[in-house]
Amino acid sequence: MIEDQRREPKYYLVKRHLLELIAEYPAGTPVPTERELAELLITSRTTVRQALSELVTEGRLVRRQGSGTYVAEPKLAWPLQMSSFTEQAESSGLKVETTLVSAERVPATAEIAELLRLKVGAQVHRIERLRVVNGSPMALEQSHLSARRFPGLAKSLRQTSSLYRVLKEEWGVTAVDAVETIETAPASPREAGLLATDTGAPMLILSRHSMDAEGVPVEWVRSWYRGDRYTFVARLGAPGSSS
Ligand code: GLP
């Protein structure tokens, strides 16, 4: 066994200890204060603080302003599949509210034009929506779609919260397949504000490039999901097999 205990920082030992402790308690259980933990574990408050901060960042603990630190709710397991956010949340028994943060028409940049197969400068909708699941802000989505193909889309999204429902009902368009990538990045102050988290908190950024049945691009979407609240789940098949 290759293990070098000496390299493990002190706070990490504290963190491991806290993880064992957390595992025994249900969500919502308060954890002892920094001072209590420092006394209990015979270490400094700075060391305890560092361990607690990492556990908050990872979504194991949650801090409530002026109240204390608690065992967090389990993360939401979110399957990676060709479904709409609304459909996915509803089929998992979750309550989703979607807020239109902004809707503009902007000229396509070279990148967007290529992705949506349009001319550079063609008008595109740039729509930002906030997804609130069971009362907690979970994701911020910025979608780009052709304005010529989907005139009046922003207006429709003020009435109906599901983009996929609107595309199907108004234009008979369904996104049937997509390429999706996942990256991480720290939350910007704006993202943190909208998602009620801290600037620098880890985000999972999903980018989806969807096509309709004819292979025509439908949308280019970037979604910022709270990294402390989501686990993405993909079912993997053998290469070449369709699952
Ligand atoms: C997911 C996808 C987006 C898609 C959206 C549609 O969140 N990442 O690419 O636009 O679902 O969801 P809805 O129909 O609820 O607006």
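How much space lies in the largest pocket?

Modeller: This is a predicted model, in which local features need pLDDT of at least 70 and side-chain atom pairs count only at pLDDT 80 or more, while totals for chains, interfaces and linings use all residues. Residues are numbered from 1 along each chain as its sequence is written, and side-chain values use heavy atoms, with hydrogens and water left out.

The largest pocket holds about 710 Å³ of space. A pocket here is an open set of points, on a 1 Å grid over the protein atoms alone, where a 1.4 Å probe fits, with protein on both sides within 12 Å along at least five of seven lines; lining residues have an atom within 4 Å of a point. Grid points are joined across faces, edges and corners, and the volume is the space filled by probe spheres set on the points.

There are 30 lining residues, and Val62, Ala196, Arg226, Asp228 and Arg229 are the closest to the centre of the largest pocket. By class, 14 are nonpolar, 9 polar and 7 charged. Ala, Val, Leu, Ile, Met, Phe, Trp, Tyr, Cys and Pro count as nonpolar, Asp, Glu, Lys and Arg as charged, and the others, Gly among them, as polar.

Helix H3 (45-57), strand E1 (61-64) and strand E6 (136-146) each give at least two residues to this lining; helices (H or I, at least four residues) and strands (E, at least two) are DSSP runs, numbered from the N terminus. E1 has the largest share, 4 residues. Domain 1 (2-71) and domain 2 (76-233) each contribute at least three residues to the lining, with bounds from an automatic or database domain assignment.
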